[in-house]
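Hi everyone, thanks for coming. Could you all bring up the sequence and the model on your screens? I'll talk you through a few places in it.

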Amino acid sequence: MKRFKLIIIIAILPFSGFAQMQEANTLQVTGVSEMQIAPDMFRFDMRFTVTTTKMKKSIDSLNKAMDKMIRCITGKTKVKSDSLKTSGFNTYTNDNRYDKKRATTHTANQTLQLTIKANSDDIIKMLNIIAEANTNANVNTNSFFSKAKKLEVEELMINSAFDNARAQANMLGKVGNFDIRHVRSVNYNQGAPFQVRGNYKMETMQMDQAENNGSFGGFTLPEQTLSKRIDISFFIRLKEN
């Protein structure tokens, strides 16, 4: 029985010593990458709301307003009608149970969505078309990255983070008198592809009002700050004096 225990101890010790030796000959650094990049896609959310004394009249008026907007957009651009998506249809009754002097009314609302490439000229043109349609739609906008752009930016940021980690390791090796060898491990448990500091809404964008004509003038789509951190461990070897 004692012999069995002795064999186990002898078998474990070399592995334990080897693991400690491996850890002692490594250097871990954090590669950091940060870029300013403008989103490549832009979405318009046009919310239509109509209130009348009849529900059918409210729904019919809602449909007419949306049809008018669709005709204005497709008639003045190359946008196809199937590119305009509808969502969030809702109806409700505003009854007069608490105020008998007020007439009961009926409200219908729905959102019309359009996504285009984030080109400043095209965005300005679309904003002017929406304004000229005069449908009293409430418009919200949002800029974002397409899947293809995300993959492209992800690769750029990973390369940049690796370069930054290698540069830090080389500087430490120069000061500490050791050589940087190949990569031992990479900690890349990041979750999201990259972190974006906010999505810009229409009210935060830089727009200039054209003189006296009520249309949108100059426009600049703000860049977004993207950041990434990657922990990288390198094998190192002390230089011989």
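Predicted model: local features only at pLDDT ≥ 70, side-chain atom pairs only at ≥ 80, totals over all residues.

Let's start at phenylalanine 42. Its relative accessibility is 0%, so phenylalanine 42 counts as buried; the cut-off for that is under 20%. And phenylalanine 44? Also 0% relative accessibility, so phenylalanine 44 counts as buried too.

Okay, let's zoom out. The chain has 241 residues, and 32% of them count as buried. Its secondary structure comes to four helices and 10 strands. If you read along the sequence, you go α-β-β-α-β-β-α-β-α-β-β-β-β-β. Here's a number about contacts: take those in the chain with a separation of 6 or more, and 82% of them are between residues 24 or more positions apart.

Next, two of the helices. Find α2, residues 55-76, and α3, residues 120-133. They pack with their axes 9 Å apart, at an angle of about 140°. That angle makes α2 oblique to α3, because roughly antiparallel would need over 145 degrees. As for handedness, the α2 and α3 crossing is right-handed.

Which residues make the contact? On the α2 side you have Lys68, Met69, Cys72, Ile73 and Lys76. On the α3 side there are Lys125, Met126, Ile129, Ile130, Glu132 and Ala133. Sort the contact of α2 with α3 by class and you get seven nonpolar residues, four charged ones and no polar ones.

Let me pick one residue out of that list. Isoleucine 73 sits in helix α2. Is isoleucine 73 buried or exposed? Its relative accessible area is 0%, so isoleucine 73 is buried. Leaving out residues up to four places away in sequence, isoleucine 73 touches Met46, Val79, Leu84, Leu114, Met126 and Ile129. Look at isoleucine 129 in particular: in sequence, isoleucine 73 and isoleucine 129 are 56 residues apart, yet in space they are 6.6 Å apart, C-alpha to C-alpha.

That's my tour, so over to you for questions.

Methods: Residues numbered from 1 in each chain as written. Heavy atoms only, no water. Axes fitted to C-alpha atoms, helices over the stretch in contact; angles between N-to-C directions. Parallel < 35°, antiparallel > 145°, perpendicular 65-115°, else oblique. Left-handed = near helix turned anticlockwise from the far one by under 90°. Contact = heavy atoms within 4.5 Å. Nonpolar A, V, L, I, M, F, W, Y, C, P; charged D, E, K, R; others polar. Buried < 20%, exposed > 50% of the residue type's maximum accessible area, 1.4 Å probe, protein only.
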